[in-house]
Amino acid sequence: MTTSKVMPALSLMAPALVAGTMAAPAAAATVSITIPRVNVAEYHRPYVVGWLEPAAGGAARTVFVWYDVKKAGRESGTKWLADLRTWWRKGGRSMQLPADGLSGATRAPGTYQVPLPANLAPGDYVLKVEAARETGGRELVSVPISVPVKKGGSASGSSELGAVTVR
Amino acid sequence: MRRNHILIASAAVAAVLASPASAHRQWLLPSTTTVAGTDEYVTVDAAVSNDLFYPDHFPMSPDQVTVWAPDGSVGKLENPATGRYRSTFDVKIDKPGTWKIGTQRSGVMGTFKVNGEEWRLGGRGRPMGAPGAGGPGAQGGAPARRVENVADIPANATDVKLVETLAANYIYVTADAPTKTVFTATGKGLEIEPITHPDELVSNEEGQFRFLVDGKPAAGVKVTVVPGSKKYREAEQAQELTTGADGVLHVKWPVAGMYWINASAADAKPSEKRASERRMSYTATVEVVAP
């Protein structure tokens, strides 16, 4: 995984940017993710990834991935992406990162909004958010949703993630 | 690749090959089975011991180990070192896909008689020359009537009882997406064809592997599956399983962690003409992650 490779597929690109620059369609939904403050001696911001899986099974679609994008050299920031172990198996391992509109720097504790892709086919999905922290834990939170999103949904982690809410 | 290589038996290897019932287990333990990108190394421990993966008996020699890259090329061992209880080495995982690292050994061992005296082929100790080529067993008094090669068995030998042994012991390491090139069956001996890939096992999903003998699905292969770190719980949690009629082994994982899988089979189809039996074993260490 190097930064110099050409983006593999348009489908991976920039749903967030597209949603942001066009007039937001009525169906556009947003996920908010809370990264909790963890009171430990050695704290590092977690790697966090969100992806959508069709409820009936099928390919996962990554919505965002926050990792140490800037860390280069002998141990680049991509090295620890495999620690997001569920996402890694579900498709992270086949992606080229960084990816425009998907990847970003790690976030400090707080709540962040990310638009879901505007071009999702209607149907049932599970939004999964996974966090892994250096010298810390790992947690996976699942939120079942229907697209177009009318009701939204929410779930909460207990250690590495706070509330994950789609609305 | 050290096929067709008569076993130069270290005590450790002999323990595993000669007596499958022996509890001493030969194992390779990678630091991880999954890496992101192609700039990573895995570092591997290799040893023979009862408990997995707790080295307290003998190291495995790194000289026996071969590295197969996903593109079919042979990779390189770096920094090999042998300690009292375990050896270690590193492998640079510099190509995407699934790598195979481990040992493939074959040999013939057994006994025969010359003038009523029992001789051994293979096994422990130093060979003492062919019968009649000097006073066998004269020095030392230990059971030294031993030859190393089938060709050294004299024409007048009687009661020739030879067993051909094939033993493979592997780990698999994947950079980025897994591939299956290293599982291409050679059609010789006991092999596996993954249904679930050994580098994408999860504790809440059944593992499935098809065992093949000479390239064909092998029913009734006995397989022992043991999770590591027994020290930190009550039971060993070893499972004694058998492949089904389709050669498929179904494994449920009681815990997440590293597992030692050891399969054995025997038949009467040795490639060495003077042998009457063939014993095959396939061993792998796999990593099962928590969901």
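Strand β1 of chain A, residues 30-35, pairs with β5(A) in the antiparallel sense over six bridges. Strands here are DSSP runs (E, at least two residues), numbered from the N terminus, and two of them pair if DSSP finds at least two bridges between them. If you look at Ile35(A), its bridge partner in β5(A) is Gly110(A).

A word on the model itself: it is predicted, so local features need pLDDT of at least 70 and side-chain atom pairs count only at pLDDT 80 or more, while totals for chains, interfaces and linings use all residues. Residues are numbered from 1 along each chain as its sequence is written, chains are lettered from A and ligands numbered from 1 in the order in which they are written, and side-chain values use heavy atoms, with hydrogens and water left out.

Now step back to the sheet. In chain A, four strands form an open sheet in the order β5-β1-β9-β8, with antiparallel pairing. Its edge strands, β5 (110-115) and β8 (153-156), each pair on one side only.

Next, move over to chain B, where Asp246(B) sits in the loop between β17 (239-242) and β18 (248-251). Asp246(B) counts as partly exposed because its relative accessibility is 40%, and that class lies between buried, under 20% relative accessible area, and exposed, over 50% (1.4 Å probe, protein chains only). Beyond its neighbours within four places in sequence, Asp246(B) is in contact (heavy atoms within 4.5 Å) with Arg210(B) and Pro217(B). Its side chain also reaches the backbone nitrogen of Val248(B) at 3.1 Å. Finally, Gly220(B) is 26 residues from Asp246(B) in sequence, and their C-alpha atoms are 9.4 Å apart in space.

Key
A polar contact is a pair of N or O atoms within 3.5 Å; within protein, one must be able to donate a hydrogen and the other to accept it, and residues adjacent in sequence count only if both atoms are side-chain atoms.
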